[in-house]
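Keep the sequence and the 3D view side by side as you read.

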Amino acid sequence: MRLRLLLVATLVLAGGAALAQVVNHDPPVQKIMAAEVNPGALAFWAGGNDPPEDESKAEAKIRWAEAVKGAHALQTSGEELKKYTRGAPWNAFADLMIATGKEGEAAAKAKDVEKAFEIGGRVYDSCNGCHKAYIPPPPKGTVLPL
Ligand code: HEC
């Protein structure tokens, strides 16, 4: 359980740090991240994480439906990202997001918590890999909230 919570926490921080680190924004990519990729990933991860306490059946149904939509958004936004390619590694990370989004969509449709969690880790690898490769380090002396 702790691991699952950690995964989400890491991601939220990673998003904030990404925001803090980018000096020259690439507005179309930034918009895809903020409007599609990040909310999509969070919705999908909510499928593989422990459910909120006292979640009703109806609420669980909504959470899984959102996880399906989120996993689908990872696929479509991955395709969009490739239109803004910066080279082979960029495309490979976008492809990883598309592939894991596809697997994730099936797992979320099946409401398979364990699978969704495992796939969620690989979704995260695509985010983290691309950010590490393409988001420049902050200027010397910058203190990040990490
Ligand atoms: C193919 C490369 C790539 C992948 C894959 C990728 N990102 Fe990004 N992401 C970027 C780049 C580049 C930026 C910086 C955009 C800018 O501001 O210029 C960014 C920025 C962000 C931001 C900050 C957006 C803002 O409002 O400034 C968030 C949040 C984010 N990404 C989340 C994610 C998550 C979550 C995933 C995985 C599910 C992911 N990203 C996958 C390249 C990627």
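**Starting from one threonine**

Thr100 lies in helix α4; helices here are DSSP runs of H or I with at least four residues, strands are runs of E with at least two, and both are numbered from the N terminus. Before going further, please note that this is a predicted model, in which local features need pLDDT of at least 70 and side-chain atom pairs count only at pLDDT 80 or more, while totals for chains, interfaces and linings use all residues. Residues are numbered from 1 along each chain as its sequence is written.

Is Thr100 buried or exposed? Thr100 counts as buried because it has 26 C-beta neighbours inside 10 Å. The cut-offs are these: a residue is buried if 20 or more other C-beta atoms lie within 10 Å of its own, exposed if 12 or fewer, and partly exposed in between, with C-beta atoms placed from the backbone. Leaving aside neighbours within four places in sequence, Thr100 is in contact with Ile119, Arg122, Val123 and Ser126; a contact means that the two C-beta atoms, placed from the backbone, lie within 7 Å. Ser126 is 26 residues away from Thr100 in sequence, yet their C-alpha atoms are 8.9 Å apart in space.

Now zoom out to the whole chain. The protein has five helices and zero strands, giving the pattern α-α-α-α-α along the sequence. Of its 146 residues, 27% count as buried. Among contacts with a separation of 6 or more, 73% join residues 24 or more positions apart.

Helix α2 covers residues 27-48. Its 22 residues reach 31 Å from first C-alpha to last, close to the 32 Å expected at 1.5 Å a residue, where the expected span is 1.5 Å times one less than the number of residues. Look at Met33, where α2 bends by about 40°; the bend is the angle between axes fitted to the seven residues ending there and the seven starting there. The buried residues of α2 include Met33, Ala41, Phe44 and Trp45.

Helix α3 (residues 57-82) has 26 residues and reaches 38 Å, close to the 38 Å expected. Trp64, Ala67, Gly70 and Leu74 are among its buried residues, and the cover over the buried residues of α3 includes α2, α4 (88-109) and α5 (113-134).

How do these helices pack? Two packed helices are described by the angle between their axes and the distance between the axes. The axes of α2 and α3 come within 7 Å and cross at roughly 145°; axes are lines fitted to C-alpha atoms, for helices over the stretch in contact, and angles run from 0 to 180 degrees between N-to-C directions. For α2 and α5, the axes come within 7 Å and cross at roughly 145°. The crossing of α2 with α3 is left-handed, meaning that the near helix is turned anticlockwise from the far one by less than a right angle (clockwise would be right-handed). The crossing of α2 and α5 is left-handed too.
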